[in-house]
Amino acid sequence: MIKKVHLRLTLVCTAVTGAIVIAMTLLYLYVSESNMRENHYYAFQNDMNNIINGLKAQSVLSNYYLASLEAGGRYLVFIEDNGTPLLYGNIVENKERIELLEKVKDYYQSSYEISHSSVVSTQSSYHFDFTYTIAEGNFSMGQDFYVCVAYIPTGNGSLTAYILAPVSSFYRQLSRQRLLFAAVNLFSLVLFYLFFYRFTSHLLRPVVESQEKQNSFIASASHELRTPLSVILSCAALIPESDKEKQAQFCHTIRQEGGVMKRLLSEMLSLADFDSRGMDLHKEAHELDTLILNCVETFEPMAKEKNIRLSSTLPDSSLPLCICDKHKIEQLLAILVHNAISYTNEGGAIGVSLKYVKKRFIISVADSGIGISDEDKKRIFERFYRADASHNAKEHFGLGLSIAQSIVKQHHGKLKVTDTEGGGSTFIVELG
Ligand code: ADP
């Protein structure tokens with residue numbers, strides 16, 4: 001389940017971030033390509049102006065000048081002197097060049113010449129440029145051209161120049177740039193996936209931990225409930241075939257085990273309540289010393305039964321009121337004092353004290369009991385943890401300190417345990 005959520009989260013995050021990056025890349029590519037195309041075409045127009053000015057300036061066209069225009073394959077230059085093709089340099093009008101010129105002429109005449117000639121006077125020179133993609137045929141210099149058609153009147157007629165600039169290599173450059181961007185995007189998608197896989201795994205860790213805790217809570221709770229339930233079921237099975245005396249004994253055991261289950265369930269419900277409702281406290285101003293005195297009074301008979309001296313030490317001067325949930329603090333004190341009595345041997349002593357230091361209430365419950373090893377101190381606040389599982393198992397489920405800690409946390413306080421001087425344990429509660 002968590003694995004599926006993890007994978008789904010990773011994919012969603014990767015898809016969303018990837019889509020944003022791809023959209024931005026496409027926008028950048030669009031702007032950059034538009035600029036490149038514009039600049040490329042401007043450069044062509046510039047060159048054409050220079051070439052046409054050169055042609056106009058020469059009364060007799062030099063072979064060398066015309067051949068130099070074709071050098072490097074940048075331009076294909078076709079010149080007609082009064083309609084007759086002019087051959088120059090080493091240029092041989094092969095089949096491909098002738099076919100190319102025919103196509104350009106056809107396209108120019110059908111698309112531009114009529115509209116163009118109507119706005120320019122044939123007495124003066126003019127030139128006209130456009131882009132042309134040849135749909136049919138296969139030409140060694142590619143299918144895409146910038147074309148410039150120039151008309152230059154001369155003393156004995158006119159020159160018509162058709163200058164073609166192949167642009168396939170420029171388009172190949174654009175395609176290479178697109179491929180590069182696609183590769184970069186693909187690579188960033190892989191990086192995003194790896195990053196989000198780790199990131200979401202980090203985010204989900206508390207959920208996984210909480211699920212693990214919940215599973216172990218359920219397992220421990222079932223285990224704790226199974227023992228009294230088995231006793232109840234076996235007593236109930238034996239009742240019909242037993243005599244009156246035994247029946248009364250079984251009924252007593254059933255009631256006793258039922259009580260154990262009830263207590264366990266109410267502690268579990270308390271914890272579940274803390275987990276689900278969290279901050280649902282009824283905080284009001286209360287006198288903490290009164291709550292402590294009440295608690296000591298309640299547990300005095302139990303302590304006396306074990307011959308334990310239970311005392312309280314409160315400040316002489318009156319303390320400020322503590323903003324807290326009265327019932328929760330009573331529950332907290334009861335857990336700590338009950339534990340202290342349970343884990344203190346006969347003849348021991350327990351002291352509950354209250355201090356007010358730096359605007360914090362410090363309650364401590366110190367006993368002279370069996371004490372807690374350093375190893376166990378780290379674990380006693382875990383649910384269902386009992387340092388000595390055999391000790392009073394029917395009364396102690398290992399949930400008391402978990403409940404106590406939840407209460408303290410909800411009051412933004414601290415709960416810690418230390419050793420009592422001379423032996424035993426001291427639980428210290430700090431409340432704001
Ligand atoms: P339990 O219901 O078992 O007492 P708690 O969560 O209250 O559960 O306590 C967890 C464990 O911490 C106990 O099982 C016990 O081993 C230890 N412990 C708690 N309070 C004391 C104490 N005052 N003295 C010694 N050990 C204690």
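**Domains, salt bridges and burial**

Guide: The domain assignment gives domain 1 (61–166) and domain 2 (284–431), with bounds that come from an automatic or database domain assignment. The C-alpha centres of domain 1 and domain 2 lie 102 Å apart. This is a predicted model, in which local features need pLDDT of at least 70 and side-chain atom pairs count only at pLDDT 80 or more, while totals for chains, interfaces and linings use all residues. Residues are numbered from 1 along each chain as its sequence is written, and side-chain values use heavy atoms, with hydrogens and water left out.

Visitor: Why is the pair of Asp 47 and Arg 74 called a salt bridge?

Guide: The term requires a side-chain nitrogen of Lys or Arg within 4 Å of a carboxyl oxygen of Asp or Glu. In Asp 47 and Arg 74 the closest N and O atoms are 2.9 Å apart, so the pair qualifies. Asp 47 belongs to helix α1 (residues 2–57) and Arg 74 to the loop between α2 and β1 (76–81), so the pair ties together parts 27 residues apart in sequence. Helices (H or I, at least four residues) and strands (E, at least two) are DSSP runs, numbered from the N terminus. By the salt-bridge rule the count comes to 11.

Visitor: How do you know whether Arg 74 is buried or exposed?

Guide: Buried means under 20% relative accessible area, exposed over 50%, and partly exposed in between (1.4 Å probe, protein chains only). Arg 74 has 52%, so Arg 74 is exposed.

Visitor: What makes Lys 105 and Glu 80 a salt bridge?

Guide: Their closest N and O atoms are 2.4 Å apart, which meets the cut-off. Lys 105 is in helix α3 (residues 95–117) and Glu 80 in strand β1, 25 residues apart. Lys 105, at 16% relative accessible area, is buried, and Glu 80, at 9%, also counts as buried.

Visitor: What makes Glu 224 and Arg 386 a link between separate parts of the chain?

Guide: Glu 224 forms a salt bridge with Arg 386, with the closest N and O atoms 3.2 Å apart. Glu 224 lies in helix α4 (residues 168–238) and Arg 386 in the loop between α8 (374–377) and α9 (400–410), so the pair ties together parts that are 162 residues apart in sequence. Glu 224 is buried at 14%, and Arg 386 counts as buried at 18%.

Visitor: Which residues are linked with Arg 37 in a network of salt bridges?

Guide: Glu 33 and Arg 178 are linked with Arg 37 in that network.
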